[in-house]
Amino acid sequence: MNVSVILPAAGLGTRMGREKSGTSRKQFMLLEGAPILIHTIRKFLRCPSVTEIVVALRAEDIDWARGLIHHEHPSKPVRVVEGGDTRQQSVENALATLTSDVALVAVHDAVRPFIDSELVEKVIAEAGKTGAAIVGIVPVDTIKQVHKNKIRATLSREHLVMAQTPQVFQLELLKRAFAAARKDGFTGTDESSLVERLEEIEVHVVQGSDRNIKITKPTDMELARLFLSEEVAGQTA
Ligand code: CTP
Ligand code: MG
C-alpha cells in the first residue's frame, strides 16, 4: 500500500516575529545544525509505511531547499512542489501531484519535528482500517467559548481534543474534501475539518504526544532546543 506524506512548509512564520526571508523563516531555523524541515523529513524517512514525501515550499525557496534535501541522501523519494498563500492551498497543490496508486495521504506540519515514527505508524494504521485518522491530545486547560472578551460557554473537556498532525486519509476521500471546500469557498486550518464537513465518514483520533509541538512562537524554540537535545542524547545512549 502506497502512503504519501505531504509536508506544508510554505508559510511566512509571522507569529515567530522574525524576518520573512530565506533561512530566517521558522521552517528553516537550525536545531543542532539542521533546519527544522530536515528534522521533520528525517522522522518520516524512518517510517516503514511511508513511500514518498512531498514538500510544499515557497517558489523562492525551491532551489536551495531542494539542495538541502538532496544533501540528506534520502532513502525514499522526496519531491518538492510550489505552495500557495494558505496552508490549505499548499496542501492542495501537493495533493494534485499524487498518483492514483497512492492509497493513503498523511499531512503533517513541517514545523512539528518532534513527531515520533511510532506514532506516525499508528495513525497510518488507524486510517488504513477506518479511512480517516488524526493525532490529537486532550487539553489540560479549561476551554471557554467567548464573544470578544466575554465568556459564552465552558466546554466540557471530556468532549475536546486539540488536533495535531499527522492527519491521514484515503486519497480519494481527501481529494473529494478539497474539491468540496474549493466549491464552497471553505478554508480550514486542518485537513480533518474539510473531511468532517463532507459528512461521509467519521474521523478517528489517535492519542498524540505533548512533545509534538507546532513551532509557532519564539518561546517554542526554547522548548524545541530542549526536546532535540534530549532526542540526540537518547540516540547516543
Ligand atoms: N504553511 C504552508 N503554506 C502557507 C502557510 C503555512 O505550507 N501558505 C505551512 C507552514 O510552513 C507550517 C504549517 O503550514 O509548516 C503550519 O502553519 P503555521 O504554523 O501557521 O506556519 P506559518 O503560517 O508559517 O506561521 P504564521 O501563521 O505565524 O505566519
Ligand atoms: Mg499560519
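The expected span of a helix is 1.5 Å times one less than its number of residues. Helices (H or I, at least four residues) and strands (E, at least two) are DSSP runs, numbered from the N terminus. The structure is a predicted model, in which local features need pLDDT of at least 70 and side-chain atom pairs count only at pLDDT 80 or more, while totals for chains, interfaces and linings use all residues. Residues are numbered from 1 along each chain as its sequence is written, chains are lettered from A and ligands numbered from 1 in the order in which they are written, and side-chain values use heavy atoms, with hydrogens and water left out.

Helix 4 covers residues 117-130. Its 14 residues reach 20 Å from the first C-alpha to the last. That is close to the 20 Å expected at 1.5 Å a residue. Seven names make up its buried set: Ser117, Leu119, Val120, Val123, Ile124, Glu126 and Ala127. Here buried means under 20% relative accessible area, exposed means over 50%, and partly exposed lies in between (1.4 Å probe, protein chains only). An α-helix has 3.6 residues a turn, so residues three or four places apart point the same way. The cover over the buried residues of helix 4 includes strand 1 (2-8), helix 1 (36-45) and strand 6 (102-107). It also includes strand 7 (132-137), strand 10 and strand 11 (204-207). Contact means heavy atoms within 4.5 Å. Just after helix 4, glycine 131 takes a positive phi of about 100 degrees.

Helix 5 (residues 171-184) also has 14 residues. They should span 20 Å at 1.5 Å a residue, and the end C-alpha atoms are 20 Å apart, so the two values agree. Its buried residues are Leu171, Leu173, Leu174, Ala177, Phe178, Ala180 and Ala181. Helix 3, strand 6, strand 7, strand 10 and helix 6 (191-196) are among the elements that cover them.

In the loop between strand 9 and strand 10 lies valine 161. Valine 161 is partly exposed, at 44% relative accessibility. Its contacts are Ile137, Pro139 and Val205, not counting residues up to four places away in sequence. From valine 161 to leucine 45 the distance is 28 Å, C-alpha to C-alpha, and the two are 116 residues apart in sequence.

The largest pocket holds about 980 Å³ of space. Strand 10 (162-170) and helix 3 (87-95) are the elements that give two or more residues to its lining. A pocket is an open set of points on a 1 Å grid over the protein atoms alone, where a 1.4 Å probe fits, with protein on both sides within 12 Å along at least five of seven lines; lining residues have an atom within 4 Å of a point. Grid points are joined across faces, edges and corners, and the volume is the space filled by probe spheres set on the points. The lining has 37 residues, and Arg15, Lys26, Arg87, Asp109 and Lys214 lie nearest the centre. Strand 10 gives the most, with five residues. By class, the lining has twelve nonpolar, 15 polar and ten charged residues. Ala, Val, Leu, Ile, Met, Phe, Trp, Tyr, Cys and Pro count as nonpolar, Asp, Glu, Lys and Arg as charged, and the others, Gly among them, as polar.

A search of the whole structure finds two aromatic pairs. Phenylalanine 28 and tryptophan 64 form a tilted pair, 4.7 Å centre to centre, with 55 degrees between the planes. This pair links distant parts of the chain, 36 residues apart. Phenylalanine 28 is in the loop between strand 1 and strand 2 (30-31), and tryptophan 64 is in helix 2 (residues 62-71). Phenylalanine 28 is buried, at 2% relative accessible area. Tryptophan 64 is partly exposed, at 31%. Phenylalanine 114 and phenylalanine 227 form an edge-to-face pair, 5.5 Å centre to centre, with 85 degrees between the planes. Phenylalanine 114 is in the loop between strand 6 and helix 4, and phenylalanine 227 is in helix 7 (residues 218-236), 113 residues apart. Both are buried. Rings of Phe, Tyr and Trp (its six-membered ring) pair if their centres lie within 6.5 Å; planes under 30 degrees apart count as stacked, over 60 as edge-to-face and the rest as tilted.
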